[in-house]
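Please look over the sequence and the structure shown here, and then follow the explanation below, which moves from strands to helices.

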Amino acid sequence: MHVLRETIKGTLIFDGITPATLSREAAAAAQILRQGGLVAFPTETVYGLGGNALQPQVVAKIFRAKGRPMDNPLIVHIHEASQMSDLAAEVPAEAWLLAKHFWPGPLTLVLQKQDHVPRETTGGLDSVAIRLPAHPTALALLRAAAIPLAGPSANLSGRPSPTTAAHVLQDLAGRIEGVLDGGPSKVGVESTVLDIRGGSPRILRPGGITAQQISTVLQRDCPVASWVQTSGEAPPSPGLKYLHYAPQAPLYLVKSHNADQLLAKLRQLQQDWQQQGKRVGMLVSQESAAQLQGDDIIVLGSRQQPADLASHLFAALREFDQRQVEVIVAEGYGAAGVGLALMNRLEKAAGPRVIEVG
Ligand code: TXA
Ligand code: MG
């Protein structure tokens, strides 16, 4: 059966997918992937930019489409945990244990790579990052394509990660062959990247699965790697050294342990910028929003629900771009649970513009 699909700048849009049509749509998209094309797909974290992870020319196209630095490695997506053995030279028992607990889900495991995994995919490293996503559309696509898919977040390098197909098209229409629309991503921040080699697990990027959850399963500490840009040392994960998640306007992040001081500082910055004639976007919790006034207040959710706050972050940053605000003032949160991933993304979006009070 021939289905007429909408395109934007030549990029096919696979939308209106239902459980009944999923396998047909996945098969059509998989055919593009098997021919060396690029198709963006939904995951529970953010949308990924899919392409054959084992073909250096395809991987090169992914880097070009995103404008991504070549030394920043890609995550390889699979649909069955057993595929780890096809990609990794060695799979420690702890990796199987974590896979059993958290896959499908927002955890990426860094393992020693096999020779056939191209260095183009791994940014020149001898390790490979592997993830099994929890989204029916992603899994149907991976199964139909029957190849491991490289899947960086489907945004232009440096921009906020996409949590809807519309976000993907904002950045990549005309640069990729297609996008599968699976609705908004639920987690909204990327997977936790965990280096599990050498018997001492450490988190390279905080994400949807917390250090606490990993520690509970492994029954030992799971530190979060710290790395300072100015240290002169190589970062544990190349992604750490690049600018990320940047909205168009400069973002000021206000952190405080004291709720009153936090609110006072948010209000003061808003007024200062407004007095300078700037259009100010406020990125805050519902608790703070109740105490603020202004046209460009975006509420992420309740301070009591870090997962809810995190799930709305990237869409909010893109919304400020659409509204063309000139400066963004963002509220900081506690680092408990997925709050660590949320604050990690907010700090990256802020760069040096972090203000601590109290
Ligand atoms: O949730 C996610 O992980 C999403 C969805 C689409 O799966 N993907 C994603 O990919 O966030 P990307 O490319 O935007 O981020 C991958 C991160 C980068 O910070 C990269 O440096 C790190 O993972 N990474 C990839 N391979 C690595 C490796 N072998 N060693 C250390 N870090 C690695
Ligand atoms: Mg990314």
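In this predicted model, 11 strands form an open sheet with mixed pairing, and they are arranged in the order 1-2-9-3-4-8-5-7-6-10-11. At the edges of that sheet lie strand 1 (7-8) and strand 11 (202-205), each of which pairs on one side only. Within the sheet, strand 5 (residues 75-77) and strand 7 (residues 127-131) pair in the parallel sense, and three bridges join them.

For helix 4 (residues 93-102) and helix 7 (residues 211-218), the axes come within 10 Å and cross at roughly 120 degrees. Angles of 65 to 115 degrees count as roughly perpendicular and those over 145 as roughly antiparallel, and helix 4 and helix 7 are therefore oblique to each other. The crossing in which helix 4 passes helix 7 is right-handed. On the side of helix 4, the contact is made by Glu94, Leu97, Leu98, His101 and Phe102, while helix 7 contributes Gln213, Ile214, Val217 and Leu218. Sorted by class, the residues where helix 4 meets helix 7 are six nonpolar, two polar and one charged.

The axes of helix 6 (residues 165-172) and helix 10 come within 11 Å and cross at roughly 50 degrees. Since an angle under 35 degrees would count as roughly parallel and 65 to 115 as roughly perpendicular, helix 6 and helix 10 are therefore oblique to each other. Here the crossing, in which helix 6 passes helix 10, is left-handed. His167, Gln170 and Asp171 are the residues of helix 6 that meet Ala315, Arg318 and Gln322 in helix 10. By class, this contact of helix 6 with helix 10 divides into one nonpolar, three polar and two charged residues.

One residue of that contact can be followed further. Gln322 has its place in helix 10, which spans residues 306-323. Is Gln322 buried or exposed? Its relative accessible area is 53%, and because the cut-off for exposed is over 50%, Gln322 counts as exposed. Computed along the chain in residue numbers, Gln322 and Val128 are 194 residues apart in sequence, and their C-alpha atoms are 36 Å apart in space.

Technical notes:
Residues numbered from 1 in each chain as written. Chains lettered and ligands numbered in written order. Predicted model: local features only at pLDDT ≥ 70, side-chain atom pairs only at ≥ 80, totals over all residues. Heavy atoms only, no water. Axes fitted to C-alpha atoms, helices over the stretch in contact; angles between N-to-C directions. Helix = DSSP H or I, 4+ residues; strand = E, 2+ residues; numbered from the N terminus. Left-handed = near helix turned anticlockwise from the far one by under 90°. Contact = heavy atoms within 4.5 Å. Nonpolar A, V, L, I, M, F, W, Y, C, P; charged D, E, K, R; others polar. Buried < 20%, exposed > 50% of the residue type's maximum accessible area, 1.4 Å probe, protein only. Pairing = 2+ DSSP bridges.
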